[in-house]
Amino acid sequence: MAATGETVEVATSIRYKWRGKITDAELLALTRSHGGSATQGWWDQIQIHSLGWVSARTDEGLLIGFVNVAWDGGDHAFLLDTKTHHEHQHHGVGTELVSVAVRNAKAAGCEWVHVDFEPRLGPFYFDACGFKRTEAGLVHLPTICVSSG
Ligand SMILES: CC(C)(COP(=O)(O)OP(=O)(O)OC[C@H]1O[C@@H](n2cnc3c(N)ncnc32)[C@H](O)[C@@H]1OP(=O)(O)O)[C@@H](O)C(=O)NCCC(=O)NCCS
């Protein structure tokens, strides 16, 4: 037993859940915690379109991690908005969020999980999460000219 005054480090256990309830306010707070910009009402609006999502919570119930899984209704799932609370980064939370998302996409019958990201995140998605490089395409809509009709 610890003597009085002694500091005992208790490792916080993190609970990961597929399709667990998350409020819009919780996602706003999580997004702002890592410096991201968030729009009120965003989560309430889009979650009905998701295959699922993964939450990570502390013992106390604080939301500290999230990833959304969009899909095409068939073989393809898409990871979006992976995020870990800034105070909990670099402790494996992001990797576990992605792993739970991938397992559940497989269980739902998907064959492929896609993700795109800025080059700086290569060590996370390629090395930690195990994604393979692939060809992909992108159009930046504000800067293209589109003819009418
Ligand atoms: C990207 C992010 C989700 C990673 O979450 P995390 O919980 O810190 O991830 P992990 O602890 O599982 O990281 C495992 C490894 O991935 C790599 N990694 C993690 N975050 C990284 C980052 N921001 N940039 C580059 N590599 C990173 C590191 O090699 C890390 O190992 P280390 O901790 O020993 O250095 C987190 O940095 C985040 O929320 N960033 C802001 C939002 C964002 O950019 N999301 C991506 C959207 S595509």
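Trainee: Which strand does Ala-70 lie in?

Mentor: Strands here are DSSP runs of E with at least two residues, helices are runs of H or I with at least four, and both are numbered from the N terminus. Ala-70 lies in strand β3. Keep in mind that this is a predicted model, where local features need pLDDT of at least 70, side-chain atom pairs count only at pLDDT 80 or more, and totals for chains, interfaces and linings use all residues. Residues are numbered from 1 along each chain as its sequence is written.

Trainee: Is Ala-70 buried, exposed or partly exposed?

Mentor: The idea is to count neighbours: a residue is buried if 20 or more other C-beta atoms lie within 10 Å of its own, exposed if 12 or fewer, and partly exposed in between, with C-beta atoms placed from the backbone. Ala-70 has 17 C-beta neighbours inside 10 Å, so Ala-70 counts as partly exposed.

Trainee: And which residues is Ala-70 in contact with, leaving aside neighbours within four places in sequence?

Mentor: A contact means that two C-beta atoms, placed from the backbone, lie within 7 Å. On that basis, Ala-70 is in contact with His-49, Ser-50, Leu-51, Phe-78 and Leu-80, once neighbours within four places in sequence are left aside. Take Leu-80: this residue is ten residues from Ala-70 along the chain, and their C-alpha atoms are separated by 7.2 Å.

Trainee: How many residues of β3 are buried?

Mentor: Eight of the nine are buried, so β3 is largely enclosed by the rest of the structure.

Trainee: How do I read the pairing of β3 with β2?

Mentor: Look for bridges: two strands pair if DSSP finds at least two between them. β2 and β3 run antiparallel and are joined by six bridges.

Trainee: What about β3 and β4?

Mentor: Six bridges join β3 to β4, and this pair runs antiparallel. Phe-66 has Lys-83 in β4 as its bridge partner. Here the hairpin has four residues between the strands, with Gly-73 in the turn showing a positive phi of about 85°.

Trainee: How many residues does the largest nonpolar core have?

Mentor: In soluble globular proteins, nonpolar side chains tend to be buried together. A nonpolar core is a set of buried Ala, Val, Leu, Ile, Met, Phe, Trp, Tyr and Cys residues joined through C-beta atoms within 7 Å. The largest one here has 25 residues, and those with the most contacts inside it are Val-67, Val-69, Leu-97 and Ala-101. At least two core residues each come from α1 (24–33), β2 (52–57), β3 (63–71), β4 and α3. The largest share, seven residues, comes from α3. Ala-101 touches Val-54, Val-67, Val-69 and Leu-79, not counting residues up to four places away in sequence.

Trainee: Where is Ile-22 found?

Mentor: Ile-22 is in the loop between β1 (15–18) and α1. This residue has 19 other C-beta atoms within 10 Å, so Ile-22 is partly exposed. Leaving aside neighbours within four places in sequence, Ile-22 is in contact with Leu-27, Trp-43, Ser-55, Leu-63 and Phe-66. Trp-43 is 21 residues from Ile-22 in sequence and 8.6 Å away, C-alpha to C-alpha.

Trainee: Which residues are the closest to the ligand?

Mentor: A residue is near a molecule if its C-beta atom, placed from the backbone, lies within 6 Å of it. Here 18 residues surround the ligand, and the closest are Thr-84, Gln-89, His-90, Gly-94 and Thr-95. The elements giving two or more residues to that shell are β4 (76–84), α3 (93–107) and α4 (122–128).

Trainee: What pattern does the protein follow along the sequence?

Mentor: The protein has four helices and five strands, and the order reads β-α-α-β-β-β-α-β-α.

Trainee: What pLDDT does the protein average?

Mentor: pLDDT is the predictor's confidence in each residue, from 0 to 100. The protein averages 91, and 91% of the residues score at least 70. Over residues 1–10 the pLDDT is below 50, and this stretch has one contact in the model beyond near neighbours in sequence.
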